[in-house]
Amino acid sequence: VFNFSSGPAVLPPEVLRQVQAELLDWHGSGMSVMEMSHRGPEFGQILAEAEADLRTLLGIPSNYKVLFLQGGAHLQFAMLPFNFAAADSTVDFVNTGHWSKVAIKEVSRYAKVNIAASSEDKNFSYVPDEATWQRSKDAAFLHYCSNETIGGVEFNFIPQSNGVPLICDMSSNILSRPVDVSQFGMIYAGAQKNMGPSGVAVSIVREDLLGKARSETPTMLNYKTFADNGSMYNTPPSFGIYVAGLVYKHLLAQGGLAAMEAKNIEKANVLYAAIDASNGFYHCPTALADRSRMNIPFTLADSQLDAQFLAGAEERHLLQLKGHRSVGGMRASIYNAMPLAGCQALAAYMAEFAQQHG
Ligand code: PLP
């Protein structure tokens, strides 16, 4: 089966097999990771290795904290203003689609928001040219979403910080390519695309931004709470962290993020080529330069064929291709765990289907 789900996403089969092998007895401890005290030496080792491996993968500088949290990316939307923006301050957002909008809506409840740029005029099909962004003078931070999972729009550059903390929702493209962490105030991501099972979120936050939260910030919404307690203020999502740690080791063994980037470019190219070669039978709405390597939305010129396309795909074990309910059509999500063979199988099916129905 090739599973094109946008999330929770597929994990590498090697990792799942290792989880299976260790499920009842982790490294001869006689315990499942689920059953271990999170304050015991075994889990301490698992957490320390997960953090160290993530630091190696992303080249995270020593003045950044790595935090394993719960509440998904959604809870981070709420944590942002409490931690990084005084009540009377303005924060800048770039609005490139669904997830930008959800973040904007939540942050607007607690701070003034300036939309520095938006691609809503063209149905969120592109990244606005940075030269046109209208940033406020004293923004508390600038936020953007590096890959819009639903729209399939991905930044191929890191915005200038201009001395303002740059905060990025990398939920759906983290670990898919190398990234210069030192350019950011904070990077955050839900784990469930490229890192591990849902239930874990990761924040990589520059230390000097910690400790300035609003006084009314709930303890559990304060990043410093987790930074001061090694991600263990309360019971952490221990099993999810363990699986994420195995994913990090798997990525390192494959050559790290430069190797993943090369694979991801090749995979995405196979599918975009299938769309572009179809003489309009398939269409991808995203501007060429901003096409995502992770999520590839496409429509059929005749949407009456959608159901038939999906049924034929399922027969060929190409699963979960239905597009998001807000945009319709199809979406192929091809995170790190999707092999090239999956993209090739889908491209071959697309060509065959277009030939039969075009
Ligand atoms: N941001 C992006 C880019 C996403 O793709 C998602 C979920 O798909 C979210 C945020 C929300 O994540 P969560 O469900 O972990 O809150």
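Analyst: What follows describes the modified lysine and then the ligand shell. This is a predicted model, in which local features need pLDDT of at least 70 and side-chain atom pairs count only at pLDDT 80 or more, while totals for chains, interfaces and linings use all residues. Residues are numbered from 1 along each chain as its sequence is written.

An unreviewed UniProt entry lists Lys 193 as "modified residue: N6-(pyridoxal phosphate)lysine", and such annotations may be inferred rather than shown by experiment. Lys 193 sits in the loop that joins β9 (186-190) to β10 (201-206), where strands are DSSP runs (E, at least two residues) and helices are runs of H or I with at least four. Lys 193 counts as buried because 29 other C-beta atoms lie within 10 Å, the cut-off for buried being 20 or more, with C-beta atoms placed from the backbone. Leaving aside residues up to four places away in sequence, Lys 193 touches Gly 7, Ala 9, Ser 171, Ser 172 and Tyr 335, contact meaning C-beta atoms within 7 Å.

Turning to the ligand, the residues around the ligand include Gly 7, Ser 171 and Ser 172, which are also among the contacts of Lys 193; a residue is near a molecule if its C-beta atom lies within 6 Å of it. Helix α3 (residues 72-84) gives the most to this shell, with three residues. By class, the shell has three nonpolar, seven polar and one charged residues, where Ala, Val, Leu, Ile, Met, Phe, Trp, Tyr, Cys and Pro count as nonpolar, Asp, Glu, Lys and Arg as charged, and the others, Gly among them, as polar.

Notes:
Buried ≥ 20, exposed ≤ 12 C-beta atoms within 10 Å, placed from the backbone. Contact = placed C-beta atoms within 7 Å.
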